[in-house]
Protein chains: 2
Amino acid sequence: MLGVTILGNNSAIPAHDRHPTAQILTLHNELILIDCGEGTQVQIAKYKIKYNKINHIFISHLHGDHYFGLIGLITSWGLMNRDHDLHLYAPPLLKNIIDLQLTAASTSLPYNLIFHPLGSNGIIADEANFTVESFSTKHRIPCWGFIFREKKRLRRLILKEALKYNIAESTFANLQKGEDVFNRAGELIKNATVTTSNTAAKSYVFCGDTKYDESLIDIVKNTQLMYHETTYLKNLNEKATMRFHSTTEQAATLAAKAGVQQLIIGHFSSNYSNLDEFVTESRAVFPNTHLALEGLTFRL
Amino acid sequence: MLGVTILGNNSAIPAHDRHPTAQILTLHNELILIDCGEGTQVQIAKYKIKYNKINHIFISHLHGDHYFGLIGLITSWGLMNRDHDLHLYAPPLLKNIIDLQLTAASTSLPYNLIFHPLGSNGIIADEANFTVESFSTKHRIPCWGFIFREKKRLRRLILKEALKYNIAESTFANLQKGEDVFNRAGELIKNATVTTSNTAAKSYVFCGDTKYDESLIDIVKNTQLMYHETTYLKNLNEKATMRFHSTTEQAATLAAKAGVQQLIIGHFSSNYSNLDEFVTESRAVFPNTHLALEGLTFRL
């Protein structure tokens, strides 16, 4: 299962009971936090997220609406006696900010906070069940997007067939990886004879803050679910470009050109109290668009 | 008018829909923010505080539940194009923390943020209508309390009497200050003949985080309204002392010994979902005690 739960969907200043950017990605049994605006720890409690299962946090960039909630969250987890490692992937300067704040409070965390500075593009995390790839976006300050990919699933063994063909248990793992094996009688058994394919590996791309950038098309294509910011409606195209942000039409155009399956839009400007036009404008270009409403979970 | 509006009353970790410490002090037409836990900007909007009238912020110490909301608040005010000076009184290291975060965002504020580092005790602000005095408290890290005092009010001129006694308008200001004056005929007119006293100057003391400390009695006596933390109920006396915090009984005892008129208690541990015992235990020692419930305003 891959699911994305929205904890915050607003840009810059909190307004209209909307919170700054934060999302929880669920991948199998792992929870991953993406961005962490002010108030994220309260949103995590409100939506009953199992925070103890969050072992990886990714911060796209150092504008406050994407990370001001992080220091409160990691120190609260310290007060709650978290004891297992936490991996933080973020722009390098965030380490200095956190260290300075911990020093000021004369506090040390009771768990390991392992900092991974973002820099060059490419694979930045390679875990048992997933990989994460970062890529730069075009924003006013250095900013990164992230592609989360499930690892290719193992093939499903048809146990009855495997036993019938007299295959040794010691080679089952090879079958699951898709290999052909020799059975106990020394005969070559073709993989497809005793396995079936499992569901395809899933992927999610979080595009960070960015102006419209067609160089992202090659990067995000073949992902199934894409989040792209839409700070403004399409009539504010020029303002969006000037502020290194995107419009509804631009996000939807990118989704269409990249051929993703579903698009989630968010990071709405505080100037909009009503979001109906966001989804109307986006769907005109890319029908399978959804608003990043807080509390919703999008599942693949 | 002096009024204290509670925006946050919880300690450490936000819980039970209670927020970390923040208070708005209203003094005449001035609003003053005392401490600024995470989410304070949202609380300010929720309770319709006229944030543009806030020109002074006081931060007691650098535990996160007292200041993690500050960077979001001051950058939001920047995005909202605030243009008038903001005075910030806080432990020195907070300046480094703010500067680093502004640098990381490549942001500069469109208004002057004037930083006043806390250090020695005594008068730290002397404004047209009030003064502020800081004092050290006994906490795990350097921490300050603040006494806010209205300036002595001018006496009220009885205009009819002043004219009857043939007093020149040029000496009215002296009468308001309480002086006797000579009238146009060269006769000495006693002040009390032509003025009445105005209401007495009011004062509020915010005690910061502290363990029970009788040396505060001399400092806070003669103030009318006192806020004192009560992180724990009285049965956790030892835990409170060990953690440099106070209990209900201790706060109430200090209020009684100092002879203040009213006591507000807050900074409740997240372990308590119900606060009834806090007020019961405190009132047993100091009857005029009130819970710092969020959204309440205490007026003198």
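**The helix pair and its interface**

Reply: The crossing of α3(A) and α3(B) is left-handed (the near helix is turned anticlockwise from the far one by less than a right angle). This is a predicted model, in which local features need pLDDT of at least 70, side-chain atom pairs count only at pLDDT 80 or more, and totals for chains, interfaces and linings use all residues. Residues are numbered from 1 along each chain as its sequence is written, with chains lettered from A and ligands numbered from 1 in the order in which they are written.

Helices are DSSP runs of H or I, at least four residues, numbered from the N terminus. Helix α3 spans residues 93-104 in chain A and in chain B, and the two pack at about 165° with axes 10 Å apart (lines fitted to C-alpha atoms over the stretch in contact; angles run from 0 to 180 degrees between N-to-C directions). α3(A) is therefore roughly antiparallel to α3(B) (over 145 degrees). Residues in contact have C-beta atoms, placed from the backbone, within 7 Å. L93(A), N96(A), I97(A), L100(A), Q101(A) and A104(A) meet L93(B), N96(B), I97(B), L100(B), Q101(B) and A104(B).

The whole contact takes 28 residues from chain A and 28 residues from chain B. On the chain A side, α1 (40-46), α2 (70-79) and α3 each supply at least two residues, and α3(A) gives the largest share, six residues.

Definitions and conventions
Angles under 35 degrees count as roughly parallel, over 145 as roughly antiparallel, 65 to 115 as roughly perpendicular and the rest as oblique. Two residues are in contact if their C-beta atoms, placed from the backbone, lie within 7 Å.
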